[in-house]
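Welcome! Here is a short tour of the cavities and sheets in a predicted model, with the structure placed where you can follow along.

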Amino acid sequence: MDGWRNAGAEETLDPGDWEPVRALSHRIMDDAIDHLRDVRDRPVWREIRRGVRAAFDAPLPRAPLPLADVYREVAETVMAYPMGNVHPRFWSWYMGAGNFTGALADFLAAVQGSNLGGGNHAAASMDRQVVDWCRQMVGFPVGAGGSLVSGGSMANLIALAVARNVKAGIDVREQGVAALPQPLVFYASDQAHSCHRKAVEALGHGNQALRRVATGADLRMDVDALRSAVAEDRAAGRLPAVVIATAGTVNTGAVDDLRAIADVAVAEELWLHIDGCIGALIAIAPANAHRVTGLERADSIALDPHKWLHAPFEAGCVLVRDQAVHRAAFAVTPEYLETTPRGLAAAEWLYDYGLQTTRGFRALKIWMALKQHGVEAFGRLIDQNIAQARYLAELIAVEPALELTAPVEINIVCFRYRADGLARPALKALNIEIMLRLQEQGTAALSDTTVYDEHCLRVAIANHRTRREDLALLVQECVRIGREVSEEPCPVS
Ligand SMILES: *Cc1c(COP(=O)(O)O)cnc(C)c1O
């Protein structure tokens with residue numbers, strides 16, 4: 001008896017009797033708390049068992065199943081095989097580690113159930129408030145606006161769409177890109193995130209419209225190269241329109257010289273967009289905030305609360321200095337969504353600031369965690385991750401078997417196992433093997449990349465659970481596995 005069958009009345013998804021549901025829900029909550037409490041004791045990641053994998057090939061269910069059975073299956077097949085980013089030794093790619101308050105918020109948001117397309121209700125007011133808190137965190141002026149979106153990729157796309165419309169010189173919403181008198185050009189460093197390419201392509205300009213500006217030895221955009229590229233494009237009859245500066249590149253964490261790029265943007269009348277998915281929130285971290293001065297000069301900023309605020313996925317934020325041009329890029333009010341002087345529709349529609357109509361209640365998970373801990377705690381955690389990256393770099397620097405392969409500016413460390421005498425492909429294979437064994441042993445999750453044309457391993461510490469001892473263990477295991485692989489009779493080729 002799970003309380004769900006409801007004899008007689010019309011059908012609904014609600015249970016006939018809520019009491020058994022309450023008991024099961026309490027158990028799910030207990031399991032969830034244990035799951036996070038014990039996260040350190042589990043492997044970071046493990047391969048899904050074959051029998052378990054088969055569960056995901058099961059056909060469309062026809063017959064009902066008690067919720068307790070459904071939950072048991074989820075516990076065994078899903079909860080047992082996470083990606084691992086909530087684990088203290090997960091440092092792959094770039095993502096936050098989540099937090100329990102945010103998970104509670106996601107649950108409550110679903111129960112409360114509001115549609116953040118807009119309307120006159122509390123969740124919509126909170127959505128505006130959280131956007132404004134993001135504005136305050138990065139030091140944008142009063143009057144700037146923005147929107148909560150799925151993540152950084154969407155935040156960058158929305159900002160670039162606004163920028164393009166402002167700089168097009170024609171009514172591009174009405175006439176489309178085919179009517180542009182000159183091709184527009186976007187500039188970003190050769191270290192910019194791949195989402196900018198997708199955005200420029202989706203906006204109809206083509207990949208060639210995104211010029212990759214060279215970076216210097218510090219992997220920051222070469223500002224002289226930016227100036228020359230702009231001059232070259234003007235001379236060739238193209239219209240330089242938007243420069244995308246990156247505050248924290250995904251490869252190495254390099255922060256472009258925001259002030260110098262802002263000066264070029266002013267001089268050349270370019271829209272300055274800052275991709276701050278990694279670094280914009282450094283503005284709240286007292287020991288490191290100086291690294292992102294200049295943020296406040298942007299026309300638009302993309303940031304990612306699901307990275308360094310550790311909001312459960314998905315939560316990104318786009319901020320635009322001039323709220324009116326943001327709205328002008330998307331607002332379309334059909335007759336069935338007109339606002340009314342009173343009642344439920346007595347508020348501006350939030351869906352006028354982006355592409356989604358129905359929007360989820362993303363604000364609550366950011367709001368609750370910020371309220372609980374206060375913004376300063378998040379700033380300290382960012383400083384802590386940056387200090388941990390320094391610590392790891394020091395351990396690597398004194399370990400003869402390892403070497404750093406890029407400057408450590410914020411929380412990303414690139415390094416490799418060294419093996420004198422090995423050719424580059426064999427060295428790459430050896431390092432990949434170390435990375436895969438670390439994953440398969442469940443010890444740590446890191447990823448790899450190419451910097452200065454050299455393959456290396458990469459640790460990105462955006463994790464409030466990481467401790468220094470975890471990083472010491474990583475170094476120890478890299479050395480141990482490196483030796484183990486080197487000594488195997490049939491070395492990796
Ligand atoms: C993560 C990241 C993105 C993409 O953000 P998502 O939230 O993954 O969509 C864009 N730019 C940079 C620099 C990033 O680190």
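## The largest cavity

Strand β1 gives the most to the lining of the largest cavity, with three residues; helices (H or I, at least four residues) and strands (E, at least two) are DSSP runs numbered from the N terminus. The elements that give two or more residues to this lining are β1 and α6. Among the lining residues are Ser 147, Leu 148, Val 149, Met 154, Ile 158, Tyr 351 and Arg 359. The lining divides into eight nonpolar, three polar and one charged residue, where Ala, Val, Leu, Ile, Met, Phe, Trp, Tyr, Cys and Pro count as nonpolar, Asp, Glu, Lys and Arg as charged, and the others, Gly among them, as polar.

The volume of this cavity is about 70 Å³, taken as the space filled by probe spheres set on grid points that are joined across faces, edges and corners. A cavity is a set of points on a 1 Å grid, over the protein atoms alone, where a 1.4 Å probe fits but cannot get out, and lining residues have an atom within 4 Å of a point.

The whole structure holds three cavities of 30 Å³ or more.

## The seven-stranded sheet

Seven strands make an open sheet with mixed pairing, in the order β1-β7-β6-β5-β4-β2-β3; strands pair if DSSP finds at least two bridges between them. Since β1 (145-149) and β3 (210-213) are at the edges, each with a single partner strand, one side of each is left without a neighbour in the sheet.

Strands β2 (residues 184-189) and β3 run parallel and are joined by four bridges. Here Ser 189 stands opposite Val 213 in β3.

Three bridges join β8 to β9 (residues 412-417), and in β9 the bridge partner of Glu 403 is Arg 416.

## About the model

Residues are numbered from 1 along each chain as its sequence is written. This is a predicted model in which local features need pLDDT of at least 70 and side-chain atom pairs count only at pLDDT 80 or more, while totals for chains, interfaces and linings use all residues; side-chain values use heavy atoms, with hydrogens and water left out.

Note on methods. 1 Å grid on protein atoms, 1.4 Å probe; cavity = no way out; pocket = protein on both sides within 12 Å on 5 of 7 lines; lining within 4 Å.
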